[in-house]
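Student: I would like to learn how to read the features of a structure. Please show it to me first.

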Amino acid sequence: MIDTKIDISKLLYELCEDSAVYEKGIDLIDSGLLDSYAFIELFSRLEDYGINLQPTRIDRNQLRTVEGIEKLIHDYLKENK
Amino acid sequence: MLNRIKRVVELNPNKIAYKVKNNYITYKELWDSSNHYAELLKKQGSSPVIIYGHKSINVVISILACLLANRPYVPVGLCTPSYRLKKIITITKSSLVLTDSGISFANIDVCNLEGLEKYRECSKKIIHNDIAYMIFTSGSTGVPKGVPISKANLHNFIDWISKLKPLCSYKDVYVLNQASFSFDLSVADFYYSLCNGHTLVALDSDLQEDYNEIFELLSVIDVAVVTPTFIKLCLLNSEFNEKKYPKFKCVYFCGEQLEVKTVQKLYEVFPHLNIINAYGPTEATSAVSGILITRDMLKDFQLLPVGEVNNFATDIEIINDEIVLKGKSVFRGYLGNYLGGYYRENGLDCYKTGDIGYIQDGKLYCKGRKDSQIKYKGYRIELNDIEYHLNLIHGVRECVVVAKYNENFVVKMIKAFVVVDDDCHVDTIRKELEKYIPKYMVPKTIKKVDKLPINQNGKIDRKALNEL
């Protein structure tokens, strides 16, 4: 059973320990919040929720914002119903 | 070492020696260009040469040209701010920066390789030097530490890695270079590849941000010299497996702690992969030990071994739980007056690594540090180095920098806690810090606090900080 109510901001906060993830419109990549370590952790945590995103099939720009990541998950869940 | 490369050139003149993106150079072209520029370098001066660049073909020619000219090379990555580069120039007493970057400094010649032609009419200098290269690492006093590695050290390392199983059995393979040339993990892929007639394929920094390019590149690779973090990134892709990447036969890890679960995942998708876990500080020429990680080790070990006693590149002893290196791999002390862990004993160069380790059943283990030095993203960082530069920033009154570890004691982030003036903002601190230290050293999180917690002994309470 896939949990469809993942709070991405909260998940990112757990990974980055920085309240900046809650700032509206923040660029997660340029700000350094989503660095390689956080990237690995984020994808691993999503795997725990049954969401297997493939880095090679993602436009990196979609990872820049919380909204972009939420959309990726939304699209994944739609495709894998 | 140069004779070894020369033999490779004679045997494989038209073979590709080095490839980055769509550019490549054959062994003969590399040898001829390097010799050409070496002659000019002998006329320019005799001091160490700063090579400020990333992974271009010119950087590789520059390295070989310096070795041929008997001038130590100092690889400095483009992520190094000019403030730090100036310090390195001062410490090395260098008179030349070779770069394609377009930077300029007063009182020192900064040019690209072609720019050396202006020395054509000068006479050659007499150069006596047994130093091959100098790599700079983070220093606890805020000043980067220069580690000179002699040609004898390097020769010993090349001899060791070229005999390391199964690397010694490969012929005509493609070797992946992931690390920047300023990070000594690259010493392993660079010299293993060029001295054994393989083709070195560099992963450009731009590519590291493009996952599709990484996987396209990996499809031609036989042997990867990488950090565990890099492979963890690759493992996120479910198509990274033996069926899709049948050439991929060996991975050499160094620079970070290798976790059991990373090896487990790798074996799941590459059942026939050879996995080498290597260990060594910059002060002892990239690596002094390495061991093939077998499946049996995964069952019994929480901590993976980093070497075995019958296969060390130099003498290794455990003294008061600390790994101490002695002999052929060990450098002759830092540039300048800093002594650190270096000492001489019975005519041997020795180095107290600061790594806590032990030997059990003939295998070497490393389980952490005695001090505040950390390994993060493969880089060696002194937390005091970051604190020193935070304290230089206007408005920062007090600070402390801590590393956060995951459950396997691998550093997952660097955090800074600062007490600042009211008008001092985190964004400003970050930007200022990037002027002083490379970006990989800048803490991921900089948190403003009213005061730093103090424990009963009057020291900073680091445990309490982690809970803030």
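Student: Where in chain B is B:P453 found?

Tutor: B:P453 lies in the loop between β25 (445-448) and α13 (462-466) of chain B. Helices (H or I, at least four residues) and strands (E, at least two) are DSSP runs, numbered from the N terminus. This is a predicted model in which local features need pLDDT of at least 70 and side-chain atom pairs count only at pLDDT 80 or more, while totals for chains, interfaces and linings use all residues. Residues are numbered from 1 along each chain as its sequence is written, chains are lettered from A and ligands numbered from 1 in the order in which they are written, and side-chain values use heavy atoms, with hydrogens and water left out.

Student: Which residues does B:P453 touch, not counting residues up to four places away in sequence?

Tutor: Contact means heavy atoms within 4.5 Å. With that exclusion of residues up to four places away in sequence, B:P453 touches B:K459, B:I460, B:D461, B:A464, B:L465 and B:L468. From C-alpha to C-alpha, B:P453 and B:L468 are 9.5 Å apart in space and 15 residues apart in sequence.

Student: How is a pair of packed helices described?

Tutor: The description uses the angle between the two axes and the distance between them. Axes are lines fitted to C-alpha atoms, for helices over the stretch in contact, and angles run from 0 to 180 degrees between N-to-C directions. In chain B, helix α2 (residues 27-44) and helix α3 (residues 57-69) pack at an angle of about 55°, and their axes are 7 Å apart. Angles under 35 degrees count as roughly parallel, over 145 as roughly antiparallel, 65 to 115 as roughly perpendicular and the rest as oblique. α2(B) and α3(B) are therefore oblique to each other.

Student: Is the crossing of α2(B) and α3(B) left-handed or right-handed?

Tutor: A crossing is left-handed if the near helix is turned anticlockwise from the far one by less than a right angle, and right-handed if clockwise. The crossing of α2(B) and α3(B) is right-handed. Among the residues that meet are B:L30, B:W31 and B:Y37 in α2(B), and B:V60, B:I61 and B:L64 in α3(B). The residues of this contact between α2(B) and α3(B) comprise 12 nonpolar, three polar and one charged. Ala, Val, Leu, Ile, Met, Phe, Trp, Tyr, Cys and Pro count as nonpolar, Asp, Glu, Lys and Arg as charged, and the others, Gly among them, as polar.

Student: At what angle do α7 and α8 of chain B cross?

Tutor: Helix α7 (residues 211-218) and helix α8 (residues 228-235) of chain B cross at roughly 100°, and their axes come within 11 Å. That makes α7(B) roughly perpendicular to α8(B). In this contact, α7(B) supplies B:Y211, B:I214, B:F215 and B:L218, and α8(B) supplies B:F230, B:L233 and B:C234. The contact of α7(B) with α8(B) has seven nonpolar, no polar and no charged residues.

Student: How many cavities of 30 Å³ or more does the structure hold?

Tutor: Rolling a probe the size of a water molecule over the atoms shows where empty space is left. On a 1 Å grid over the protein atoms alone, a cavity is a set of points where a 1.4 Å probe fits but cannot get out, and lining residues have an atom within 4 Å of a point. Grid points are joined across faces, edges and corners, and a volume is the space filled by probe spheres set on the points. The structure holds four cavities of 30 Å³ or more. The largest cavity has a volume of about 70 Å³, and its lining includes B:I51, B:H54, B:I63 and B:F181. That lining divides into seven nonpolar, five polar and no charged residues.

Student: What is the volume of the second largest cavity?

Tutor: The second largest cavity has a volume of about 60 Å³. Its lining includes B:Y73, B:Y133 and B:F190, and the largest share, four residues, comes from α6(B).

Student: Which peptide bond is cis?

Tutor: Most residues other than glycine have a negative phi, and most peptide bonds are trans. The bond from B:K165 to B:P166 is cis, with omega near 0°. B:N107 has a positive phi of about 65° although it is not a glycine.

How values were computed
On a 1 Å grid over the protein atoms alone, a cavity is a set of points where a 1.4 Å probe fits but cannot get out, and a pocket is an open set with protein on both sides within 12 Å along at least five of seven lines; lining residues have an atom within 4 Å of a point.
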